Amino acid sequence: MGPVPRPCGGAVGAIAAVNLEVGGLATVTVVLRSNYKVVNEKGYTIESCDHGSLKGWKPSVVRNTVPNLTEENLPPYDYVILCTKNIPDVPPTVVDLIAPALPQNSSKTTLLLLQNGLNIERPFLRPFPNTPILSGISMIGSAEPSPGHIVQDESDKLLIGAFPTSNINPAVPERRAEELVEMYSKGGKTDCQYSPNVLHDRWKKLVFNACLNPICAITGLDDGRIRLADGALDGLVRPAMREIVAAAKAVCGVQLAEDVVEATINVDPLESYLKPSMQQDLEKGNFIEFENLLGEPLREGKDARVPMPTLEVLYQCAKAIQWRIKETKGLVEVPGNKSV
Ligand SMILES: NC(=O)C1=CN([C@@H]2O[C@H](COP(=O)(O)OP(=O)(O)OC[C@H]3O[C@@H](n4cnc5c(N)ncnc54)[C@H](OP(=O)(O)O)[C@@H]3O)[C@@H](O)[C@H]2O)C=CC1
Ligand SMILES: CC(C)(CO)C(=O)C(=O)O
């Protein structure tokens, strides 16, 4: 039996599971929640630009609880792949969520964080100092319009590399990253590559995620319309992106390419009118991933004395929006006035 990765099976996780299983080198257990019943009974319905139409597709094991190694007396997994949304300001934290599936004091299981944002590895360092951690930077376009129905309309381009951690010899996560790239690529349907510099890749992706995600979410304009809207590129998008470019350099010496701002604005054809994930989440009434996408680069940039006035305003707006979502979900109390 091959190594056993274990994604959560939303839009990104389902396609990751397909890629790993079609290669034949991995046996995948997925952990599901709202789509568990339908996927367990009928399998996924997948329309994928990489894999075509898959009806009733099921990974090797489908579960509705995170495996508890101790209580279920399970051997440790080779890889745990985390592809939930990452929302540290709303419990449970991702560490609490997957802790039961990670062995304590062992480097047997490698954790891949297949999520957007900066510093997402940090919460794992103290509770799991011996766990090799990998970073997955995904450029896929995938959505789950209804439970178990996955629509992937942008090819899966995935970079995997090691998050350096002080406790572990860097050769260990590097080797595991290469092994996972091999498993992920084996099916020949995806562009998955090993990256020796995922910090660079994360900051590069933040030029999109820290800027267009909140700008599109706040304005309600997709990444095509924001290019057409009067003054939005010069007044909002370019200033925000330049702040990220400056922060990448000041915080950790990451020098992004000179044309990164224009290249990121034009990364999708205008007429694909793509809604970044934060805009989609807001429209669905879901919590938004604003802390890792926007808050962390902003805090790091400000600590390194980079002026970030545009990102500061975007961050405060996103934070207020998150509060509004918390109110609609009954997580905050509003004295006196009950109507939302
Ligand atoms: N979608 C995309 O095109 C891209 C997404 N990303 C990033 O990838 C990450 C994953 O995004 P995406 O796949 O779109 O997100 P989705 O919301 O589609 O999937 C997340 C999945 O995690 C499940 N989940 C969350 N909490 C739990 C829990 N406590 N127990 C069990 N399951 C849980 C959700 O279940 P439930 O449905 O019940 O909430 C859902 O199925 C994010 O960080 C995103 O920013 C990066 C590039 C592109
Ligand atoms: C850049 C993009 C659109 C897809 O890879 C994304 O990461 C998001 O929507 O959050």
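In strand β9 of this predicted model, H149 is the bridge partner of S146, and T45 also stands opposite H149. Strands here, like helices, are DSSP runs numbered from the N terminus (E, at least two residues, for strands; H or I, at least four, for helices), and two strands pair if DSSP finds at least two bridges between them. The pairings of β9 are set out below.

| Strand | Partner | Sense | Bridges |
|---|---|---|---|
| β2 (residues 44-48) | β9 (residues 149-154) | parallel | 4 bridges |
| β8 (residues 141-146) | β9 | antiparallel | 4 bridges |

The hairpin of β8 and β9 has 2 residues between the strands, and in it G148 takes a positive phi near 85°.

According to UniProt, in an unreviewed entry, the feature "domain: Ketopantoate reductase N-terminal" lies at residues 10-164; such annotations may be inferred rather than shown by experiment. This span is 18% helix and 32% strand, with its end C-alpha atoms 27 Å apart.

Helix α6 (residues 198-209) is largely enclosed by the rest of the structure, because 9 of its 12 residues are buried, a term that requires 20 or more other C-beta atoms, placed from the backbone, within 10 Å of the residue's own. Among the buried residues of α6 are R202, W203 and F208.

Residues are numbered from 1 along each chain as its sequence is written, while chains are lettered from A and ligands numbered from 1 in the order in which they are written. As the model is predicted, local features need pLDDT of at least 70 and side-chain atom pairs count only at pLDDT 80 or more, whereas totals for chains, interfaces and linings use all residues.
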